[in-house]
Amino acid sequence: MASSSSALNIVLQLILGGVAVLLTSYLLPGVHVADFFTGIVIAALIALLNITIKPILIILTIPITIVTLGLFLLVINALLILIAAAIVPGFSVDGFWWALFFGLILAIINSLLGVSLGGNNKWI
C-alpha cells in the first residue's frame, strides 16, 4: 500500500511541477512552453538534472561558490535550465538571464505549491 501512495505522490509532484513551469512561463516573456505535457516533461527533466548533474557541478565549482557566497549556485541552475531547453523541443529560453529569472521564479512557485500540500496529509 505504501508503494501506491509513493507513486501517487510522485505523479502529484510531477503535475504540480508542470503547473509551476506553465505559471512561470506565463509570467516571463522570454520563456516559452508549448503545452501542459511539455511542462510536465520539463519538470521531470529539471528534477532529473538536479539529481544527476547538479551535485557534480556543485563539487567542481566549490571554490567559486565560496568566493561568491553561494550566488554561483544560481548560475548552475540557469545552466541546467538552458540544458533542458536544448533537450526538450517545445521549451525555449531566450537567453541566460531569462533562464536565471525562470529558475528563481520557478523555485518560488514550487515552494508555494509545496507548502500548500503540507507535510503528512493523510488524504493525499
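**Terms and their grounds**

Tutor: Apart from residues up to four places away in sequence, T61 touches F72 and I76, where contact means heavy atoms within 4.5 Å. Please keep in mind that this is a predicted model, in which local features need pLDDT of at least 70 and side-chain atom pairs count only at pLDDT 80 or more, while totals for chains, interfaces and linings use all residues. Residues are numbered from 1 along each chain as its sequence is written, and side-chain values use heavy atoms, with hydrogens and water left out.

Student: Why does T61 count as buried?

Tutor: Buried means under 20% relative accessible area, exposed means over 50%, and partly exposed lies in between (1.4 Å probe, protein chains only). T61 has 16% relative accessibility and therefore counts as buried, although its place is in the loop between helix 2 and helix 3 (62-67). Helices here are DSSP runs of H or I with at least four residues, strands are runs of E with at least two, and both are numbered from the N terminus.

Student: How do you know that G18 is buried, and what does G18 contact beyond its neighbours within four places in sequence?

Tutor: The relative accessible area of G18 is 0%, so G18 is buried. G18 is found in helix 1, and with those neighbours set aside it is in contact with F36, G39, I40 and A43. The C-alpha atoms of G18 and G39 are separated by 4.4 Å, although the two residues are 21 apart along the chain.

Student: And why does T24 count as buried?

Tutor: T24, also in helix 1, has 0% relative accessibility and so counts as buried. Not counting residues up to four places away in sequence, T24 touches F102, I105, L106 and I109.

Student: What makes a set of residues the largest nonpolar core here?

Tutor: A nonpolar core is a set of buried Ala, Val, Leu, Ile, Met, Phe, Trp, Tyr and Cys residues joined through side-chain atoms within 4.5 Å. The largest such set has 26 residues, and those with the most contacts inside it are V21, I42, I46, I81, F91, V93 and F102. Helix 4 gives the most to this core, with seven residues. With neighbours within four places in sequence left aside, I46 is in contact with I81, A84, F102 and L106.

Student: How does the span of helix 4 compare with the expected one?

Tutor: The expected span of a helix is 1.5 Å times one less than its number of residues. Helix 4, with 16 residues, reaches 23 Å from its first C-alpha to its last, which is close to the expected 22 Å. Its buried residues are F72, I76, A78, L80, I81, A84 and A85.

Student: What lines the largest pocket?

Tutor: On a 1 Å grid over the protein atoms alone, a cavity is a set of points where a 1.4 Å probe fits but cannot get out, whereas a pocket is an open set with protein on both sides within 12 Å along at least five of seven lines; lining residues have an atom within 4 Å of a point. By that rule the largest pocket is lined by 24 residues, of which I46, N50, L106, A107 and N110 lie nearest its centre. Helix 5 gives the most to this lining, with nine residues.
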